[in-house]
Number of protein chains: 2
Amino acid sequence: MTETHVFSGGASGPWRIRAQEVLRGEPLPPAAFLSVAADASDDAAAWRLRGLTSNLRYTTRPERDALRAVQPALARPEAMRAALIPIRKTTAWWDLAQDERRALFEETSGHTRIGMEYLPAIARRLHHARDLGEPFDFLTWFEYAPEHEPAFDHMLARLRATAEWTYVDREIDIRLERATG
Amino acid sequence: MTETHVFSGGASGPWRIRAQEVLRGEPLPPAAFLSVAADASDDAAAWRLRGLTSNLRYTTRPERDALRAVQPALARPEAMRAALIPIRKTTAWWDLAQDERRALFEETSGHTRIGMEYLPAIARRLHHARDLGEPFDFLTWFEYAPEHEPAFDHMLARLRATAEWTYVDREIDIRLERATG
């Protein structure tokens, strides 16, 4: 059900930060490593982002069943790379009614439809942050094998070209690899 | 947008608690008065419930427009009575996909349709609490003139008879009146 995850950028952690690309809005302070924990215990972090897994907000039953049939688990041994992509949407987005947001999300932009094409290569976990008073609305965590990074980039390029993305006013793409010793 | 409200039951406050009726689940500790604030400053409270206003989760654009055309503001001088109704829904509810919850909420149960019939007599503000780790999922605040309490009771009875309410596993109905001196 709802489960909190805290992403901390700092001087140590199991993931090495390869790059921070700012797509829109303000950057995060620089950091070399990232850790993911259930609470914010690392006082020395350069930045800390908190989100929680929650119920689905747009996905229909057929879409959910299709996703569940193919989506991979996190922490696969071959998934040596990861990405954390925090995004914030505009006030105009949040002022829309549910049916308008759903239509933009899926019928117009094909968010789930596009994402499905990259399964099971890309594992994904969505965290909600807006209602926690955080600087971003969503934190999405992705894991994949190095050879799937071009496919991952392609997926992101398609999503960023959608109508839904015209409502994104802050987005940072943080690329990671496992820090193996 | 999102705005936090803390409801505290204690020995003082601008609202006198007339009754606490437990519909399902555990009661709250007894308290004589209730206050509503932007933060939890009253350390002496017998209980404290926190929620936040957020975006609409099920309402379509036509429904929202219809609601906005008739819904009254809070704090009308004649609204000497109020109710705070915290509810929690079951895991089964939260495990449903968005279209299944929407269908139960409106097409099957007529939540908005029923509520609309009692406007503009009953003012209402919904607070989300589930993603804050609170003991309830929703806190709904209602305000009305004393002569509209029978209509308010009637509305609640109809809602509680719906299919949506079979997913409610904790509900407390706290009735209040302004403590005027």
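I first wrote down what I would call a cavity: on a 1 Å grid over the protein atoms alone, a cavity is a set of points where a 1.4 Å probe fits but cannot get out, and lining residues have an atom within 4 Å of a point. Grid points are joined across faces, edges and corners, and a volume is the space filled by probe spheres set on the points.

I noted that the model is predicted, with local features needing pLDDT of at least 70 and side-chain atom pairs pLDDT 80 or more, while totals for chains, interfaces and linings use all residues. Residues are numbered from 1 along each chain, chains are lettered from A in the order in which they are written, and side-chain values use heavy atoms without hydrogens and water.

**Cavity.** I found 1 cavity of 30 Å³ or more, and the largest cavity holds about 130 Å³ of space. I listed 15 residues in its lining, with N55(A), R57(B), W94(B), H128(B) and F138(B) nearest its centre.

**Interface.** I counted 25 residues from chain A and 25 residues from chain B in the contact, where contact means heavy atoms within 4.5 Å. The copies meet through the same surface, because 100% of the interface residues of chain A are also interface residues in chain B.

**Salt bridges.** I looked for a side-chain nitrogen of Lys or Arg within 4 Å of a carboxyl oxygen of Asp or Glu, and the count between chain A and chain B is 4 salt bridges. One of them joins D131(A) to R57(B), with the closest N and O atoms 2.8 Å apart.

Note on methods:
1 Å grid on protein atoms, 1.4 Å probe; cavity = no way out; pocket = protein on both sides within 12 Å on 5 of 7 lines; lining within 4 Å.
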